[in-house]
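Biologist: I have a structure to go through with you. Shall we take it question by question?

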Amino acid sequence: MEIFVFDGAMGTMLQERGLKAGQSPEELNLLAPEIVKSVHLDYLNAGCDVITTNTFGGSRLKLQEYQLEEKLVQINENAVQIAKEAVRTAGHGLVAASIGPTGHFVEPLGEMTFEAIYAVFYEQALALAGGKPDYFILETFSDLGEIRAALLACRDAAQDIPVICSMTYMPNQRTLTGVSPGAAAVTLSAMGAAVIGC
């Protein structure tokens with residue numbers, strides 16, 4: 001089995017390089033792409049195999065918090081291109097397009113319908129897919145309903161791009177909404193996830 005080493009945090013690295021308090025990390029894909037690229041290059045030069053795009057908060061619901069929702073496509077497309085440029089510069093590496101949770105729960109736990117949250121993820125996944133990343137990576141989800149919507153959206157946006165799913169767990173080995181790693185793995189594998197991280 002081949003083992004891939006992924007990069008680390010993006011947000012803290014950007015803070016060290018000038019990201020201001022209260023500023024959207026994703027906005028730097030437009031304002032300072034060279035800074036984002038420098039983070040990618042540091043990880044690649046340190047020996048990682050896969051870098052993740054600066055798009056963890058690149059969905060419409062997250063970008064609305066910074067009044068950036070109208071720049072969603074450009075932000076996500078640029079992020080993939082920045083990462084690909086870093087790979088070309090380093091001479092090695094793969095790109096995983098990052099999608100993070102929206103911060104909203106799917107009904108009946110929250111106010112979002114499955115269809116509405118699917119549409120949010122589909123819009124972002126479609127923008128990312130245009131840059132042809134090697135993977136999608138759904139990062140640190142805590143609600144199985146939400147990550148199901150995100151996975152389905154990624155599969156519909158680009159069936160040829162493998163999807164990596166990761167969930168975060170509490171000390172009791174359950175997600176915030178009570179799902180075990182085994183249940184998550186069975187559900188997401190059946191839906192077509194390429195890799196499950198728990």
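Modeller: Begin with a term: a pocket is an open set of grid points with protein on both sides within 12 Å along at least five of seven lines. Keep in mind that this is a predicted model.

Biologist: What volume does the largest pocket have?

Modeller: A volume here is the space filled by probe spheres set on the grid points. For the largest pocket, that comes to about 240 Å³.

Biologist: Which residues lie nearest the centre of the largest pocket?

Modeller: The lining has 17 residues. By class, 5 are nonpolar, 8 polar and 4 charged. Those nearest the centre are Gly11, Glu26, Asn54, Phe56 and Gly57.

Biologist: How many salt bridges does a search of the whole structure find?

Modeller: Side chains of opposite charge can pair when their charged atoms come close. The cut-off is a side-chain nitrogen of Lys or Arg within 4 Å of a carboxyl oxygen of Asp or Glu. The search of the whole structure gives 4.

Biologist: Which residue forms a salt bridge with Arg17?

Modeller: The closest N and O atoms of this pair are 2.5 Å apart. Arg17 is in the loop between α1 and α2 and its partner is in helix α3, so the pair ties together parts that are 25 residues apart in sequence. Arg17 is partly exposed, at 27% relative accessible area. The partner is Asp42.

Biologist: Which residues do salt bridges with shared partners join into one network?

Modeller: Glu70 forms a salt bridge with Arg60, with the closest N and O atoms 3.8 Å apart. This pair links the loop between α4 and α5 to helix α4. Arg60 also meets Glu123 in a salt bridge, at 2.7 Å from N to O, and that pair links helix α4 to helix α6, 63 residues apart. The network joins Arg60, Glu70 and Glu123.

Biologist: Is Glu70 buried or exposed?

Modeller: Exposed means over 50% relative accessible area. Glu70 has 69%, so it is exposed.

Biologist: How far from Asp7 is the nearest side chain of opposite charge?

Modeller: Asp7 lies in the segment before α1. Asp7 is buried yet has no salt bridge. A polar atom of its side chain does lie 2.8 Å from the backbone nitrogen of Thr52. The nearest side chain of opposite charge is that of Arg17, and the distance is 11 Å.

Biologist: Is Ser24 buried or exposed?

Modeller: Ser24 is in the loop between α1 and α2. Its C-alpha atom is separated by 9.2 Å from that of Lys62, 38 residues apart along the chain. Buried means under 20% relative accessible area. Ser24 has 1%, so it is buried.

Biologist: What is the phi of Gln67?

Modeller: Gln67 lies in the loop between α4 and α5. Gln67 is exposed, with a relative accessible area of 64%. Gln67 is not a glycine, yet its phi is positive, at about 55°.

Biologist: Where is Lys132, another residue with a positive phi?

Modeller: Phi of Lys132 is near 55°. At 60% relative accessibility, Lys132 is exposed. Its place is the loop between α6 and β3.

Technical notes
Residues numbered from 1 in each chain as written. Predicted model: local features only at pLDDT ≥ 70, side-chain atom pairs only at ≥ 80, totals over all residues. Heavy atoms only, no water. 1 Å grid on protein atoms, 1.4 Å probe; cavity = no way out; pocket = protein on both sides within 12 Å on 5 of 7 lines; lining within 4 Å. Nonpolar A, V, L, I, M, F, W, Y, C, P; charged D, E, K, R; others polar. Helix = DSSP H or I, 4+ residues; strand = E, 2+ residues; numbered from the N terminus. Buried < 20%, exposed > 50% of the residue type's maximum accessible area, 1.4 Å probe, protein only. Lys, Arg positive; Asp, Glu negative; His and termini not counted. Polar contact = N/O pair within 3.5 Å; in protein donor to acceptor, adjacent residues only side chain to side chain.
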